[in-house]
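Dear colleague,

Please find below the structure that I am handing over to you. My findings follow directly after it.

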Amino acid sequence: MRKVAHRADRPLRLTRGLVSGTSGLLLALVVALGIPLVWVWIASQVAGTRRDVSPSLAVMITTGILVSYWLALVIGGWVRGLLTGAEDRRAQTRRMSWDRSFRGDYKPGQGGTDPVEVLFVAVAVIALILFEIWFFFFAGSPLPNQPLF
């Protein structure tokens with residue numbers, strides 16, 4: 001009887017996982033693409049009719065993007081803390097790859113995956129693929145079109 005309830009619950013869990021993963025990926029894409037675009041738009045409003053980028057505008061754009069991404073990481077850490085719970089954080093010590101022992105106390109696949117980390121890696125891969133498509137098919141040649149001689 002218990003296995004039947006487990007099998008009946010599987011489509012619901014699969015649907016929840018699919019919706020959660022898709023919405024998280026879309027949210028991460030909006031954050032990854034939206035933050036720089038918003039700061040460039042703000043700089044264009046500040047610049048007015050001037051077409052060149054002044055050093056102060058470049059500093060404003062760069063600082064805005066860095067502070068916004070830092071806030072996104074802080075919020076992501078807070079969400080990760082809410083998802084894992086206080087008991088899990090005390091029971092599980094997570095170490096970075098450079099801080100692990102070579103004795104073999106950590107084995108890949110031993111712990112669960114971190115949803116925020118998976119989301120950031122997925123967004124980075126998608127952004128890289130989109131950049132490559134833009135670069136090779138839509139960017140055009142940066143070289144002059146006139147022959148030298």
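I begin with A122, which is located in helix α3. The model is a predicted one, and the values reported here should be read accordingly. A122 has a relative accessible area of 27% and is therefore classed as partly exposed. Its C-alpha atom lies 9.3 Å from that of L29, although 93 residues separate A122 and L29 in sequence.

Helix α3 itself covers residues 115-138, 24 residues in total. From the first C-alpha to the last, α3 reaches 33 Å, which is close to the 34 Å expected at 1.5 Å a residue. Just after α3, G140 adopts a positive phi of about 80 degrees.

As to the overall architecture, the protein contains three helices and zero strands. Read from the N terminus, its elements follow the order α-α-α. The protein has 149 residues, of which 12% are buried. Its accessible surface amounts to about 13,200 Å², and carbon and sulfur atoms account for 69% of that surface. Of the contacts between residues at least 6 apart in sequence, 63% link residues that are at least 24 apart.

The surface also carries a nonpolar patch of about 1,200 Å². The patch is formed by V121, V125, I129, L130, F131, I133, W134, F135, F136, F137 and F138. One of these residues, F131, belongs to helix α3. Is F131 buried, partly exposed or exposed? With a relative accessible area of 41%, F131 is partly exposed, because that value falls between the limits of 20% for buried and 50% for exposed. As a general point of reference, nonpolar side chains in soluble globular proteins tend to be buried together.

V31 is found in helix α1, while S68 is found in helix α2. The two residues are 37 positions apart along the chain, and their C-alpha atoms are separated by 9.3 Å. V31 has a relative accessible area of 29% and is thus partly exposed. S68, by contrast, counts as buried, because its relative accessibility of 17% is under the 20% limit.

S68 is in contact with I35 and W39.

- A nonpolar surface patch of about 1,200 Å² includes F131, which lies in α3.

With kind regards

Technical notes:
Residues numbered from 1 in each chain as written. Predicted model: local features only at pLDDT ≥ 70, side-chain atom pairs only at ≥ 80, totals over all residues. Heavy atoms only, no water. Helix = DSSP H or I, 4+ residues; strand = E, 2+ residues; numbered from the N terminus. Expected span 1.5 Å × (residues − 1). Patch = residues over 30% accessible without salt bridge, like charges linked within 9 Å, V, L, I, M, F, W, Y side chains within 5 Å. Areas by Shrake-Rupley, 256 points an atom, 1.4 Å probe, with all protein chains shown as cover. Salt bridge = Lys/Arg side-chain N within 4 Å of Asp/Glu carboxyl O. Buried < 20%, exposed > 50% of the residue type's maximum accessible area, 1.4 Å probe, protein only. Contact = heavy atoms within 4.5 Å. Lists of a residue's contacts leave out its neighbours within four places in sequence.
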